[in-house]
Amino acid sequence: MMRSVSTLLLTLALGLPAGAQSFALRVGHEEQQLNNCGPVTAKVVLGFWGKAVTQARAAEALKDGPDDAHVSTAELAEYLRSFGLRTLHRRGGTPELVRRLVRAGFPVVVQQQLKSGDHTGHFRTVYGVDDRALYSSDSLLGAGLKHDDAAFEKLWQPYNGEYLVAYPPDREGELRALLGPVWDEQAHWRGIERERAAQVEKDPEDLYAWWGLGQARLKLGQPEAAAAAFSKAAALGLPNAHYWYQQEPFEAWNQTGQYELTERVARRVLEAWPSSKEARRYLALAQQGRAAQDKNRTPNAGGAGN
């Protein structure tokens, strides 16, 4: 049976050691029902900002139906904005950035692997910090989940350090000053492109660095370079689950006319996760694109006449 502790205040008593470097925000916690980490995350974040919602209500809004097992970060952000909050969605996060945000009063939602070696994507909300670790409300693993920086970054690397911050409009100036150049989305992506390019030069076998490079180049309007980086990540053994949670390779391959590649990978995803609405969508777009491509390549058998 699901145990609701949404009124519980997660403070230093929930695992944060005493000391001047410890800091915790007061957030709620709730154990999730099946595939409901997105709805629970919405409940936790909205509750912190004084807006009440149930897990069931959030799930109804965020999902197409009971078979919809995946909520994207973009979908979560859109839902939070419907309550009057604003959101900042970025990649390239670091433990030190999370510490600055939490200490300034902003819970940080991160998308990471559920556990080391487990390719399941999972949201958790970081609410507490000290000089050695980060503490999260995790709907599957507990209210006071602790990771040191190395463990946190290892879980975060497959998602290119993805994070989401929701905030009231009257605190935007504070958040903007805190983030500096990261506030500008294009500058943020250019920074990530430089970092990931340096990583793949140092270690050409780092598939997640190739993934992050592809993501940055796609966002910077470089679909050919992005498609090549994603293909390199795929060749290095990118797990199938990754395409379920993040679909930028499909977007890059479709933009560059590599429809058969999208079709092949999307079908593989659907064999494992038939409910993936994202894979179905990109498969349909690839099929449409390939049909148009084939039509354009076919000579007009009837000649130029009417």
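Which residues of helix 3 (residues 73-81) are buried? The buried residues of this helix are Thr 73, Leu 76, Ala 77, Tyr 79 and Leu 80, where buried means under 20% relative accessible area, exposed over 50%, and partly exposed in between, with a 1.4 Å probe and protein chains only. Seen down the axis of helix 3, these residues fall within an arc of 160 degrees, so they line one face of the helix; the arc is that of the directions from the helix axis to the C-beta atoms.

The model is a predicted one, in which local features need pLDDT of at least 70 and side-chain atom pairs count only at pLDDT 80 or more, while totals for chains, interfaces and linings use all residues. Residues are numbered from 1 along each chain as its sequence is written, and side-chain values use heavy atoms, with hydrogens and water left out.

**The protein as a whole**

The protein has 13 helices and nine strands, these being DSSP runs (helices H or I of at least four residues, strands E of at least two) numbered from the N terminus. Its radius of gyration is 21 Å, close to the 19 Å that the globule rule gives for 306 residues, so the protein is as compact as a globular protein of that length; the radius is taken over C-alpha atoms, and the rule is 2.2 Å times the number of residues to the power 0.38. Along the principal axes, the C-alpha trace spans about 80 × 45 × 40 Å, and buried residues make up 51% of the 306 residues.

The buried residues of helix 2 are Gln 55, Ala 58, Ala 59 and Leu 62. They cover an arc of only 100 degrees around the axis, which puts them on the same side of helix 2, whereas Ala 56 and Glu 60, on the other side, are exposed. An α-helix has 3.6 residues a turn, so residues three or four places apart point the same way.

**Ala 241**

Ala 241 has its place in helix 10 (residues 240-245) and is buried, with a relative accessible area of 9%. Leaving aside its neighbours within four places in sequence, Ala 241 is in contact with His 119 and Trp 273, contact meaning heavy atoms within 4.5 Å.
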